[in-house]
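Student: I would like to learn how to read a model like this one. Could we go through it together?

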Amino acid sequence: MTRSFLARNPSVLIFIACLALFTLAVTLMSEAGGSGAISTSFVKTLGKTLCLCLVALAMDLVWGYTGILSLGHMAFFGLGGYMIGMWLMYARTETIVTASMSNAAIPPTDQEIVDAIGTQIFGVVGGSEFPPVWAFADSLWMQLALVVLVPGLLALVFGWLAFRSRVTGVYLSILTQAMTLALALYLFQNDSGLRGNNGLSGLQNIPGLTGMPQSVLSLWFFWASAFALGAGYLLCAWVVSGKFGSVIRGIRDDEARVRFLGYSVEGYKLFVFTLTAVIAGIAGALYYPQAGIINPAEIAPIASIYLAVWVAIGGRGRLYGAVIGAAFVSLLSTWFTGGQVPSVPLGFYTVDWVDWWQVLLGLSFVLVTLFAPQGIGGLFDLVTGRRPPDRHGADLGPDKGSFREREAEQ
Amino acid sequence: MTKYLLAALAACMLCVGMAAAQDSPIQTLLQENRELIEKSSRRTIGPAIDALRDSGLPAAETVLEKWRDKDLWQRESDGLFFFAEKIDRDTLQLIDIATGDPLGEVPDDDMDQLKPNSGVRGMIAAALVQFQLQSPERRKRIAALNSIQRDPEPEHLDALRAAVEDEPDATIRTREERLLRLLTISYGASEETRIEAIRSFSGDTGVDVRAALNPLLATSRQAAEGDIPEGENVARKLRPGQEDFTKEDAYSLLVSKDLAPARISRADKRAALEANIADGQVGGVPVEHLNTEAARERAYASLAEAGTVPPTATEAEFEAALDAHVFYDRYAELSEAVTDAARGTLTSITTRVGLSQALDLSLDALSLASIYFLAAIGLAITFGVMGVINMAHGEFIMMGAYTGYVVQQLVPDYTISIIIALPLAFAVTFAAGVAMERLVIRWLYSRPLETLLATFGISIALQQLAKNIFGTQARPLTSPDWLDGALVLSDVVSISYIRIAIFVLALVFLAIFLFIMRRTRLGLELRAVTQNPRMAASMGINPDRINMLAFGLGSGIAGIAGVAIGLYAKVTSELGQDYIVQSFMTVVVGGVGNIWGTLLGATMIGFLQKGIEWLNPSNTLAAQTYMIIFIIIFIQFRPRGIIALKGRAAGD
Amino acid sequence: MKLRMTSALLGALAFATTALAQDDTIKVGVLHSLSGTMAISETTLKDTMLMLIEEQNKKGGVLGKQLEAVVVDPASDWPLFAEKARELLTVENVDVMFGCWTSVSRKSVLPVIEELNGLLFYPVQYEGEESSKNVFYTGAAPNQQAIPATDYFLEELGVEKFALLGTDYVYPRTTNNILESYLKDKGIAEEDIFVNYTPFGHSDWSKIVSDVVALGADGKKVGVISTINGDANIGFYKELAAQGVSADDIPVVAFSVGAEALSGLDTSNLVGHLAAWNYFMSADTPENETFIETWHDFIGDEARVTNDPMEAHYIGFNMWVNAVEEAGTTDVDAVSKAMIGQEFPNLTGSTAEMLPNHHLTKPVLIGEILDDGQFDIISETDPVPGDAWTDYLPESAVLTSDWAELDCGMYNTETETCVQIKSNY
């Protein structure tokens, strides 16, 4: 089975090989692993980009393959980050607090330690008591489980409600966007118990590994992200190949027909929606310890829309397209907003890329949607000689039979 | 340099000339209180103001007025006071405080402006009351009344009574009479007059009435040994252990009144233990075992037994202390008849206030609903009727608002600029909408998801463009004078004119929408094209043209909404972002394709949000969160909105 | 303006390439957002830094070397602040950084500069409860802004009932917490304190303003303490004006409203409302006049206003220059040591001193809004020493910070131990 799966999907092998090569190259050039040609901060950027590629994969699965334009996957990504962040903050603070309290004349009670940790964590936002959501924060394993469970359950409940009542298409997009907005607004409140606008910070300091320099830690996280991306790619490729893949593509192209053929469309959609939410959660849990801070702004609806932009520019409906899109656009974005791109003097006006990058991104996005729906991934088709028919945006429905015939002739 | 020399010379010469004027009694009086005036603190300034007020000097009133208006200056070198007017940045025109004669121009280096803060200004205004209350100038009399209202004092009562009698102006007279009754409540001579005044306000919802009555009913919590002492005006007897008065509360009240010994807190115990560590042990318990509360209790108990620390109060002692005392709330006002009357009147007021508050909240909700409706009505055309998802709708609202701003920069008259801005905003966004439809959307009619993304791309580009052109600073869009202020129905119920204007605008657009859709050829053709484009085309309708016009119309209305929203809030590049999700929600909740649905949706969202805000007044963010969650759940149960289209029109 | 900025950036870039060859400049990192929501406030501070550096270079630089600004754009994205700070410290090797505005951006940067032993000057008023070895706080701590303003309300205006209105984020939350406990200390009952939090950019203020007006129903004088941030202020003040709330009836004191925020408003209805800062542009001193003149020359626009964080950078930068001259090196530890005790005249006529807890002494100014949108300074205190850990919250009251003798930013005076050397973030 595995052999035939790989044989049917040669791109998987190529992708894994490229990823491995890339990881090796970065390792050799990093400060911890060798020459130091790549600075630690750039290793972190690359590691984070790999996590973004992973969530883009999930987005491609749910949008490119199943046709659900979810504007909520960055919310799941953020939730994963919050879950791991809670443990990181708790455990780090615990070490500090126990160390400082052990100097006291009378040994502290367990309650006093917890109270002191609470004061340290919530003192910043004017509180000191642990809200109930932190119940499991002292246990790494519980929080790791929550990284998967919280986004998964949220997606399950939300998806069940939405798909059950046959909310589809743009309505679903708007609904997911509303969910994301509600979650972000909820987290923005201090009363939510996750430190409101400040979010969770200092996540790059891993408890128990305080002696480890960031150059090494960053490399470890880079490897973990690369591994997760590789595994995620395999999983997604496996899901979309075979019968399951055919069904979900069928749902994308014509939901009603698949339903009439006797498939439980809602079940398939719910499975994909939940699975991708879990993948997004894991990606987030790997991303935020590298970013160092998570706060509600990360979850704002705009982030999820950008995710869709990456996938669209990279090329929907092909897994490597999503990866390329996420890597390309997010790195380019970093480069442009970093102020390192030379400005273009036009004589009467100087184009300063810090100001104009967003405009460029927005317009290129319109252009891609209009003229290159295949995205960057489409370039590979040019190489392999597969040319999609030019339909000017018309769909391939039954009443547009003329298109089909012409395409069949090609 | 020469300029300074000359000025100094002039100042010197003036000094000689003015010497006589400087000995005026008012200057002497000010000099006597110089320290207090220089310090200028509400806490200490009282005697100085009183001295001026009671001096009987003719100049006192002017000095007080000028002082309040920050026109009184002091010369640093000799501490003398002058009135002064600014000639330019560095020069002052000095005026003698006693005579009002100009004393020439001096540079401001040696002069200090007296800047009484608003607390001191309030006191000066209160002192001015006696001069102003019977002043021939209407303006001054009103100022005096304002001042009495702000800081009522017992002596104002007589002054007011005298003024009422020969007040020529009817409105002022009514106000004076009302104030007189208010003052009588607090400072009336006899119990009867006070009660009469209290009763006369029955059912009056004014804040000032409640402000006068509530202090009468203010209580303080008391504890006494045995029975309640004689002569106390008791509001309520309290039993420890009842709902809002726990035994713990009762005991801490006793402690605070020194009627019982304090209980020992955990932290105190810990400190006591820490102080008594001997040989690694406290009271026989090894220190390293003290990491549980139980062990600490044990150690403390053994220390207490040994007499090293005070013993903790036992449960029995605690109960005994509570039993030995009575607890009650006491009115500060001693007369029971007065408090009874005040309570009676206040009860009658409270119901009315409650009703008024509900009305006020409904007005707020209605106003919010009309804002949402106005923001969503354009979408009701582009999304509701045509089915096009336009994520850049919010940016059209923003463009409208910026159009208003630009017009206001060019046309300084606010009324005219608004009149120009409304159609211009429509024109600008109409053009933008048509351009967008022609260039982008028409290629994507069969790919709605991609329309969403493409228009989103336009949205971020437009937003950034607005930032590049206008900056990230919020820009002012000022409403004309006739829209300033609020329609005040009572002290509780009021609504600003700008909100009323938005409400009216929303209604106007509802009418326009209905008119266009039902009574014009465009509306007919638009409905035909959206229901069946091919059939419409064969009837000789040009679907391209209709789509273009309809989209332009929807965008144009968004532009006008932008001007209205900018007037009531602010103009920033993120203005559209704030409304886009809510606007889509409004349309979806109401039911796509039906303007009444949009109206209902906006109303529901507006009332819902205000309702949640009312339940949780301290956190507005929570209201927005719960509102969205409610909408999500609502859509689960009515996925097609409040008013769902039925039959063929419902499409897929 | 735009042109100037780009040319400065280009210049900085050109410098960066030459500097690799010969290390004869001292690099100053400027970590302020030039895009995104905070750009409006932070771009001004970046320009201030470029101006200060240019001025210093005209005077011959520091230690005989020219200063070189390295400007990066963290784009109002908090994780990006950490990334850019790391880049400045490890790739650009800057000797000092001036930057951040929001608390969350500072918290994001903290772990990085503490790990890499960098040096940051933070110029904005903030909620306190922090003192890092690597940060100098040139903005106001709560006791240098919020507490004196509240005292002013209590004593000068006789306010008995308080409405604490804030945007829902850390600074208002912590400040209001401190104020609540301070007010209770002063005998204000809990039910006389009304607290409300609104989201960023909130615009629908009518109900909240009505609620505040209704507070007056029990005859006590009501005052509003506003920690409302940014754009939301416009809607708030418009609603105040619309409902006719006069400063004589219900005074409002704001901690984050400056003259530039009011430029979006018609202030004729707001006359008499207050703001508390450590600096107002209207301060009448020769230093301030020179500063404003230099600023207008540099930016090429006579209409640009100056504000409190700009003064903070002015003081911080000059103190840093003096400390470097004194230490004879740009080494972080040596400069930090020399920083403590530095004195420099501020722009309002008194002298700022850097305290061992890395905070400044600052005078507290209270200004009344005039009808031209400027502030009239009606009260100025003597310089108040900044307190890193507030005395009005029980957990913080026992903490102190002293980098000169105790070498600890979070020292528990009861147990006499250092709680932690690094900061909590």
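Predicted model: local features only at pLDDT ≥ 70, side-chain atom pairs only at ≥ 80, totals over all residues.

Student: What pLDDT does chain B average?

Tutor: The average for chain B is 84, and 95% of its residues score at least 70.

Student: Let us turn to an interface. How many residues of chain A are in contact with chain C?

Tutor: On the chain A side there are 43, and they meet 40 residues of chain C. Helices H3 (40-65), H4 (73-101), H5 (110-122), H7 (169-188) and H14 (353-371) of chain A each supply at least two residues of that side. The largest share, four residues, comes from H3(A).

Student: How do the residues on that side of chain A divide by type?

Tutor: Ten are nonpolar, 30 are polar and three are charged.

Student: And which domains does the assignment give for chain C?

Tutor: Domain 1 is made of 2-139 + 284-362, while domain 2 spans 146-277. Their C-alpha centres lie 31 Å apart. Domain 1 of chain C and domain 2 of chain C each bring nine residues to the contact between them. On the domain 1 side, these residues divide into three nonpolar, three polar and three charged.

Conventions:
Residues numbered from 1 in each chain as written. Chains lettered and ligands numbered in written order. Contact = placed C-beta atoms within 7 Å. Nonpolar A, V, L, I, M, F, W, Y, C, P; charged D, E, K, R; others polar. pLDDT = per-residue confidence, 0-100. Domains from an automatic or database assignment.
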